[in-house]
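This report walks through one protein model, element by element. Please keep the sequence and the coordinates open while reading.

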Amino acid sequence: MRILLVEDDRRVAAALSSALTRRGYEVEHAATVAAALSAAPCDLVLLDLTLPDGDGTDLCRELRRRSSQLGIIAVTARGEERDRVLGLRLGADDYVVKPFSMVELQARIEAVLRRAANAAPERHLIEAGSVRIDVAARTVTVDGRAVTLTRKEFDVLLSLARQPGVAVPRDRILLDAWGTTWADRHTVEVHVGSLRGKLGDARLVETVRGVGYRLRDA
């Protein structure tokens with residue numbers, strides 16, 4: 001899960017980056033509007049509205065113009081009602097006023113990412129190597145053999161199958177299958193173990209040490 005942190009105060013940025021990294025996010029920091037606009041693609045933007053080379057509200061508008069699916073949370077000291085309303089109208093998904101707790105910010109990040117995931121168009125059929133998933137019917141076959149999965153096992157598999165061949169972090173799997181990253185990570189390991197047994201080939205779901213899991217695409 002990749003977050004772009006747009007914050008001109010380097011001490012605040014360092015503290016936030018450290019806290020988010022400990023929670024499993026990959027964080028890129030941009031201190032200016034120009035740096036934010038040239039940053040690599042991300043899943044969510046934490047956006048300070050007061051920046052040295054421009055107004056964060058204009059940046060918010062441009063980021064939303066570029067992508068309707070990008071999660072944007074304004075994180076700012078501007079706490080007046082008119083500022084909050086303006087930020088939301090320009091495309092921010094949420095608005096957090098400084099000072100705030102990491103518990104609150106984490107909850108808001110998860111809520112925005114869930115909404116973005118639910119709004120994204122879902123393919124009806126996904127194929128990754130020998131695995132075929134009918135998303136609408138919630139059915140799975142391996143080499144044409146029907147596989148019966150529990151609801152959570154299916155959700156874990158679907159989280160991996162959306163990016164076959166790509167290492168999916170445990171927090172991303174938790175968010176997709178359980179709607180939160182606060183669940184015990186051991187839960188993912190247990191469900192992956194059960195999933196491997198039912199798929200009939202443990203090599204289909206590979207462990208990526210220090211990251212998460214990957215569904216083989218061949």
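Which residue in strand 14 does Pro-169 stand opposite? Pro-169 stands opposite Gly-212.

## Basis

This is a predicted model, in which local features need pLDDT of at least 70, side-chain atom pairs count only at pLDDT 80 or more, and totals for chains, interfaces and linings use all residues. Residues are numbered from 1 along each chain as its sequence is written, and side-chain values use heavy atoms, with hydrogens and water left out.

Helices (H or I, at least four residues) and strands (E, at least two) are DSSP runs, numbered from the N terminus. Two strands pair if DSSP finds at least two bridges between them.

## Domains

The domain assignment gives domain 1 (2–114) and domain 2 (125–215). Such bounds come from an automatic or database domain assignment. The centres of the two domains, taken over C-alpha atoms, are separated by 30 Å.

Two bridges join strand 12 to strand 14 (residues 212–215) in the antiparallel sense.

Strand 1 runs parallel to strand 2 (residues 26–30), with five bridges. It also pairs with strand 3 in the parallel sense, over four bridges. Leu-5 has His-29 as its bridge partner in strand 2 and stands opposite Leu-46 in strand 3. Strand 1, helix 1 (residues 10–22) and strand 2 make a right-handed β-α-β unit: with the strands pointing away from the viewer, the path over the helix runs clockwise.

Asp-48 sits in the loop between strand 3 (44–47) and strand 4 (50–51). Asp-48 is buried, at 5% relative accessible area. An unreviewed UniProt entry places "modified residue: 4-aspartylphosphate" there; such annotations may be inferred rather than shown by experiment. Not counting residues up to four places away in sequence, Asp-48 touches (heavy atoms within 4.5 Å) Val-6, Glu-7, Asp-8, Gly-56, Val-75, Thr-76 and Lys-98.

Gly-56 is also one of the buried residues of helix 3 (residues 56–66), with Thr-57, Leu-59, Cys-60, Leu-63 and Arg-64. Down the helix axis they fall within an arc of 155°, so they line one face of helix 3. The arc uses directions from the axis to the C-beta atoms.

Note on methods:
Buried means under 20% relative accessible area, exposed over 50%, partly exposed in between (1.4 Å probe, protein chains only).
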